[in-house]
Amino acid sequence: MEDGSDSAATPFIPTEYDALSTDLVDVRPPTQRTDSRIHERPQHQDSCSSLRVMDGSHSLSRISQEPDVLCRDPQFYMADGSCVLRVGNTLFNVHRSILSADSSSFSTLFTLPQGNITVEGASDDSPIVLHGDTPEEFRSFLWSLYALPHEITVVRGPRLDLNHFINIAKVASKYSFRSIETWALDVVQEFIERKPSPLLDTIPIGFPFSTNSPPSALAESKRQISRLVQLAQTCGHANLLETMITLLRQLMSPSLHFSYLAMSLADDLNLRELRGLAYLEVLQRSVFICGRDVNGNVPVEGDVHEGSDGLDRLVVSPAQQLRLLSGYHRLSKAWEKLRAIPIPFEHAPSCGTSWHQHGCTQSWSEFWKEKTRTDGVLALGAANVIGKLQVILKEFDKWGSATYMHHECKSVARRAIQDTIKHISDSLPDFFDEVGEY
């Protein structure tokens, strides 16, 4: 994934004593505390002091052949802090009472028995080591715990740092700070729903991206969208997830880069509502390649190369290539079945009680046979079943009254075409499944 910090690491690694004497259980709180406090911010110690991890038997120390150089955070290593935390190679010194608020996971951690060994978090030599976070993410989170009222008003401003609040929500969710998680997610949701969308404003001039687009701008846009989708999925925030899926649908059409991003996110996070559309977009708009190129080089997955024939070349993984080929085969077969036999529908009662039914059926069959072979339909790819049906639907609306079809049956037949389009759209992910019948 774009954001390598979202590993599924356990928040805390217990000491050897804890591992032998204490059974670890899920410490996510059954209830939430809704009270809030304003804390006085103590003065932190100056400098970024160089410290070294002590060799020995301390179980929370990072296992390494060479000692790591640690650095005290210039903002949140506080002189009167009571708990030293290590994130990466950065030390934070904050207050246990603050970390224990909101029925967080830390409140349970601090109650675990320590025995006769050195209390973890009591000094720089024995910090509590947190895995799976970056110093930047944890610094953002600590800001949410210590921020003063006038600092929090930034959420109402036009220049909100979106990554800052993504960090807060991510870390708050991981350590069960429920009220902070909810607040940060609401801030993110409100920000990206502003009109015009500030998230789209981050996409650089020259969109849709080409091979000449600034790589840093493209990478940052993809990274931010990826983090937002992962955050919504991890936190179970349905509104944010729906907003991001809608945004990706808008971006997929003009940019193959975002089609690939949507395809990869759908696979990694099992987003069914996004998978079918993303795979279909890639299938219809690009030539996908996998493995070594003609020079024997292995291209990077997700790279887009311009072709002399006007089609972009997208580098995909072997698994994605199999899904794309599966989708092409299944959709092509589905269209051949639809083209051969007109979509069935129930005749209106008034049609069935008169001589109209035979002529109605014959007229519908002739229409279907003719319109499935029009230039508009044949111009579309074999797997573009939805596009072909939409062309036929437009032709049906132009058909007018010069037909032997019963007027009520025409309405029923039109709904049958619409229902078929919806059915194909809803089942698109199944067409791109690598298992099943072919």
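Is R139 buried, partly exposed or exposed? R139 is partly exposed, at a relative accessible area of 26%. Buried means under 20% relative accessible area, exposed over 50%, and partly exposed in between (1.4 Å probe, protein chains only).

This is a predicted model, in which local features need pLDDT of at least 70 and side-chain atom pairs count only at pLDDT 80 or more, while totals for chains, interfaces and linings use all residues. Residues are numbered from 1 along each chain as its sequence is written, and side-chain values use heavy atoms, with hydrogens and water left out.

**Figure 1. The whole protein chain.** The protein chain has 19 helices and eight strands. Helices (H or I, at least four residues) and strands (E, at least two) are DSSP runs, numbered from the N terminus. Of its 438 residues, 46% count as buried. The accessible surface comes to about 22,900 Å². Carbon and sulfur atoms own 53% of that surface. Accessible areas come from the Shrake-Rupley method with a 1.4 Å probe; for residues, only the protein chains shown count as cover. Among contacts between residues at least 6 apart in sequence, 69% join residues at least 24 apart. A contact means heavy atoms within 4.5 Å.

**Figure 2. The salt bridge of R139 and D73.** The side chains of R139 and D73 meet in a salt bridge, 2.6 Å from N to O. R139 belongs to helix α4 (residues 135–146) and D73 to strand β2 (residues 69–77), so the pair ties together parts 66 residues apart in sequence. D73 is buried, with a relative accessible area of 1%. A salt bridge is a side-chain nitrogen of Lys or Arg within 4 Å of a carboxyl oxygen of Asp or Glu. By this rule, the count comes to 19 salt bridges.

**Figure 3. The salt bridge of E434 and R323.** These two side chains, E434 and R323, form a salt bridge at 3.1 Å, N to O. The pair links distant parts of the chain: E434 is in the segment after α19 (428–431), R323 in helix α13 (residues 318–340), 111 residues apart. E434 is partly exposed, at 31% relative accessible area. R323 is buried, at 15%. Elsewhere, salt bridges that share partners join D133, E137, K170, K174 and R227 into one network.

**Figure 4. The salt bridge of E190 and R194.** The closest N and O atoms of E190 and R194 are 3.4 Å apart. E190 counts as partly exposed, at 36% relative accessibility.

**Figure 5. Aromatic rings around F367.** A search of the whole structure finds 17 aromatic pairs. W364 and F367 form one that is stacked, 5.7 Å centre to centre with 20° between the planes. Rings of Phe, Tyr and Trp (its six-membered ring) pair if their centres lie within 6.5 Å; planes under 30 degrees apart count as stacked, over 60 as edge-to-face and the rest as tilted. W364 and F367 both lie in helix α15 (residues 356–371), three residues apart, about one turn of the helix. W364 is buried, at 3% relative accessibility. F367 is buried too, at 2%. F367 also pairs with F396, edge-to-face, at 5.4 Å centre to centre and 80° between the planes. F367 is in helix α15 and F396 in helix α17 (residues 385–397), so this pair ties together parts 29 residues apart in sequence. The charged end of K410 sits over the ring of F396, 5.9 Å from its centre.

**Figure 6. A ring cluster and a charge over F110.** Ring pairs link F92, F106, F110, F138, F141, Y175 and F177 into a cluster. R96 lies over the face of F110, 4.4 Å from the ring centre. A charge sits over a ring if NZ of Lys or CZ of Arg is within 6 Å of the ring centre and within 35 degrees of the ring normal.

Figure 7. Helix α18 (residues 407–426) has 20 residues. At 1.5 Å a residue, it should span 28 Å; its end C-alpha atoms are 29 Å apart, which agrees. The expected span is 1.5 Å times one less than the number of residues. Buried residues of α18 include C409, K410, V412 and A413. The buried residues of α18 pack against α13, α14 (349–352), α15, α17 and α19.

**Figure 8. Helix α12.** The 14 residues of helix α12 (residues 272–285) should span 20 Å, and the end C-alpha atoms are 21 Å apart, which agrees. Among the buried residues of α12 are R275, Y279 and E281.
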